[in-house]
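Here is a short briefing for a reader who is new to this structure. Take a look at the chain before reading on.

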Amino acid sequence: MTTIAWDGKSLASDTLSTSGNMKLAGECIKTRRIGNYRVAFAGDYAPAIEFFRDKIIDELHAGTMKFNYIRASEDDFTILIVEDGNTSCWIYNSNSGYWDEFHPPVAIGSGSKYALGSMYSGNDAYSAVEISCKLDTHSGFPVHSED
């Protein structure tokens, strides 16, 4: 799993990659900048990336993201997108098949409760993910951020 946090300014994530109960070697970068957007992935990474490439990336490159309904999937992943200049973010959950808008603080993934508690206590997204990495067994260092 993962921890991704958005505080209205920064988007931060852990870099641990797992398969079942195994921690995999190397770092997994779960956030990306694409044009005027910052994008983060949680859950089943491979189907999330495939869905993103097939359904979303062209709209982001064109600057025409509409956040329309996209059918639900059997895969379990979440995509968080922030457009530059906005404090809110859009989250797509593959189980529901819908985009929803959220206002910060926002966190997704297995460490989201720790990250939200941290941000509500005054920490920024980066610090919130650091705390989640210490408490959530499925989140790990180093922390990566897109500012």
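Start with Thr78. Leaving aside its neighbours within four places in sequence, Thr78 is in contact with Ala40, Phe41, Ala42, Ile91, Tyr92, Asn93 and Ile108. The model is predicted. Thr78 belongs to strand S7.

**Around Thr78**

- Thr78 has a relative accessibility of 13%. Buried means under 20%, so Thr78 counts as buried.
- Strand S7 covers residues 77-83 and runs antiparallel to S6, with seven bridges joining the two.
- Strand S8, residues 89-93, also pairs with S7 in the antiparallel sense, over four bridges.
- Among the contacts of Thr78 are Ala40, Phe41 and Ala42, and strand S6 spans residues 37-43.
- Ile91, Tyr92 and Asn93 are also in contact with Thr78, and strand S8 spans residues 89-93.
- Ile108 is another contact of Thr78, and strand S10 spans 106-108.

- Which strand is largely enclosed by the rest of the structure? Strand S6 is, because six of its seven residues are buried.
- On the S7 side, Tyr37 stands opposite Glu83.
- Strand S5, residues 31-34, pairs with S6 in the antiparallel sense over four bridges.
- Thr31 has Ala40 in S6 as its bridge partner. Ala40 is also one of the contacts of Thr78.
- S5 and S6 form a hairpin with two residues between them. Gly35 sits in the turn, with a positive phi of about 60°.

- Ile79 stands opposite Tyr92 in S8. Tyr92 is also in contact with Thr78.
- S7 and S8 form a hairpin with five residues between them. In that turn, Gly85 has a positive phi of about 90°.
- S8 pairs with strand S9, residues 98-102, in the antiparallel sense over five bridges.
- Asn93 stands opposite Tyr98 in S9.
- The hairpin of S8 and S9 has four residues between the strands. Gly97 takes a positive phi near 80° there.
- Most residues other than glycine have a negative phi, and most peptide bonds are trans.

**Cis peptide bonds**

- Pro104 and Pro105 are joined by a cis peptide bond, with omega about 0°. Pro105 is in the loop between S9 and strand S10.
- Phe141 and Pro142 are also joined by a cis peptide bond, with omega about -5°. Pro142 lies in the loop between helix H3 (125-135) and strand S11 (144-146).

- Is Gly85 buried or exposed? Gly85 counts as exposed, at 81% relative accessibility. Its place is the loop between S7 and S8.
- Gly85 and Lys9 are 76 residues apart along the chain. Their C-alpha atoms are separated by 9.2 Å.
- Met22 lies in strand S4, residues 22-24. At 53% relative accessibility, Met22 counts as exposed.
- Met22 and His138 are 116 residues apart along the chain. The separation of their C-alpha atoms is 9.5 Å.

**The whole protein**

- The protein holds three helices and 11 strands.
- From the N terminus on, the order of elements is β-β-β-β-β-β-α-β-β-β-β-α-α-β.
- How does the radius of gyration fit the chain length? With 147 residues, a compact globule would have a value near 15 Å, and the protein's 14 Å agrees with that.
- Along its principal axes, the C-alpha trace spans about 40 × 35 × 25 Å.
- Buried residues make up 44% of the 147 residues.
- Of the contacts with a separation of 6 or more, 54% are between residues 24 or more positions apart.
- The accessible surface comes to about 7600 Å². Carbon and sulfur atoms account for 47% of that surface.
- There are 12 positive and 20 negative side chains. The centres of the two sets lie 2 Å apart.

Conventions
Residues are numbered from 1 along each chain as its sequence is written. This is a predicted model: local features need pLDDT of at least 70, side-chain atom pairs count only at pLDDT 80 or more; totals for chains, interfaces and linings use all residues. Side-chain values use heavy atoms; hydrogens and water are left out. The radius of gyration is taken over C-alpha atoms; the globule rule is 2.2 Å times the number of residues to the power 0.38. Buried means under 20% relative accessible area, exposed over 50%, partly exposed in between (1.4 Å probe, protein chains only). Contact means heavy atoms within 4.5 Å. Accessible areas come from the Shrake-Rupley method with a 1.4 Å probe; for residues, only the protein chains shown count as cover. Lys and Arg count as positive and Asp and Glu as negative; His and the chain ends are not counted. The place of a charge is taken as NZ of Lys, CZ of Arg, CG of Asp or CD of Glu. Two strands pair if DSSP finds at least two bridges between them.
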